[in-house]
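User: Please take one part of this model and go through it closely. Begin with any contact between a charge and a ring, then follow the surrounding strands and side-chain contacts.

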Amino acid sequence: MRIRWRFAFSAAVLSTLLVARASAQSSLMPWTAPVNLSQSGGASQPLIAVAADGTQYALWWDQTDGERYARASITDTTWSKSIGVPVIFGVRKLDAVTGRETISPPRSPRLIAVSSEAVALWIDATDQLNTARLAANTWSAATTLSSSAVMFDVARSISNTLELAYIKPVSSANEPAGIYYRAATGQAWSNAVLVYNSLYFRTAATQDLQLSVASVDQ
């Protein structure tokens, strides 16, 4: 009976300590109220990246307006008003009769923060791998990194170098199908380097492929 009583007392003390610790943590790091960034019922593909200085970047697709972007600094909990990013899209079509433009979202969009900037990467409807950079709250024009890519992955090193790998499923005269690597230090991307080539990439189904990048500085 004494052993059971001691066990019950110990369990009660442990439970009390856990509740107290959880309560202390919740009081130290409370969640803020949610913020509606899109102001739209048609938002999808939400992405967020945080820079080393704490600046937060958000990117999402709006089914009517296309790609949208907002930011918030670490010293200001108020998000900026969202702006359009027309360079990021999957396909853009213009009806010659009605003059109406239709847009579709990009494939596999990624957003990564580098120093005080942000970089977006995506695959468009023609399978091109593209990138655009945000600097001083202005997005650059889109740059094509590969004429064809079935998938990609990107990581940031501690020296703020972007390490990019992608699978090219189409063989050309100078670039066989395979896995390629490119790096970006600042705004310039290195030339594509073939890591591994195989003709099997030409017919491989997307669901049968996996690609992952882990960055080690230098």
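Analyst: The charged end of arginine 92 sits over the ring of phenylalanine 89, at 4.5 Å from the ring centre. The test for such a contact is NZ of Lys or CZ of Arg within 6 Å of the ring centre and within 35 degrees of the ring normal. The model is predicted: local features need pLDDT of at least 70, side-chain atom pairs count only at pLDDT 80 or more, and totals for chains, interfaces and linings use all residues. Numbering starts from 1 along each chain as its sequence is written, and side-chain values use heavy atoms, without hydrogens or water.

Arginine 92 has a second contact. Its side chain meets that of glutamate 101 in a salt bridge, 3.2 Å from N to O. Here a salt bridge is a side-chain nitrogen of Lys or Arg within 4 Å of a carboxyl oxygen of Asp or Glu. Arginine 92 has a relative accessible area of 33%, so it is partly exposed. Glutamate 101 is partly exposed too, with a value of 44%. The cut-offs are under 20% for buried and over 50% for exposed, with partly exposed in between (1.4 Å probe, protein chains only).

Now the strands here. S5 covers residues 91-94 and S6 covers residues 101-104. They pair in the antiparallel sense over 4 bridges. Strands are DSSP runs of E, at least two residues long, numbered from the N terminus; two of them pair if DSSP finds at least two bridges between them. Lysine 93 has threonine 102 as its bridge partner in S6. The two strands form a hairpin with 6 residues between them. In its turn, glycine 99 has a positive phi of about 75°.

The next hairpin joins S7 and S8. These strands run antiparallel, with 6 bridges. Arginine 110 is partnered by leucine 121 in S8. This hairpin has 2 residues between the strands, and serine 115 takes a positive phi near 55°.

Arginine 107 is partly exposed at 34%. Aspartate 127 is also partly exposed at 34%.

Another salt bridge is formed by glutamate 117 and arginine 133, whose closest N and O atoms are 2.8 Å apart. Glutamate 117 lies in S8 and arginine 133 in S9, so the pair ties together parts that are 16 residues apart in sequence. Glutamate 117 is buried, with a relative accessible area of 19%. Arginine 133 counts as buried at 11%.

S12 runs antiparallel to S13, and 6 bridges join them. Methionine 151 stands opposite isoleucine 167 in S13. Between the strands of this hairpin are 5 residues, and asparagine 160 takes a positive phi near 65°.

Aromatic contacts complete the picture. The whole structure has 3 aromatic pairs. The rings of tyrosine 166 and tyrosine 180 have centres 5.7 Å apart and planes at 15°, so they are stacked. Rings of Phe, Tyr and Trp (its six-membered ring) pair if their centres lie within 6.5 Å; planes under 30 degrees apart are stacked, over 60 edge-to-face, and the rest tilted. Tyrosine 166 belongs to S13 (residues 162-168) and tyrosine 180 to S14 (residues 178-185), 14 residues apart. Both tyrosine 166 and tyrosine 180 are buried.

Tyrosine 196 and phenylalanine 201 pair as well: their ring centres are 6.3 Å apart and their planes are at 85°, so the pair is edge-to-face. Phenylalanine 201 is buried at 11%, while tyrosine 196 is partly exposed at 48%. Tyrosine 196 lies in strand S16.
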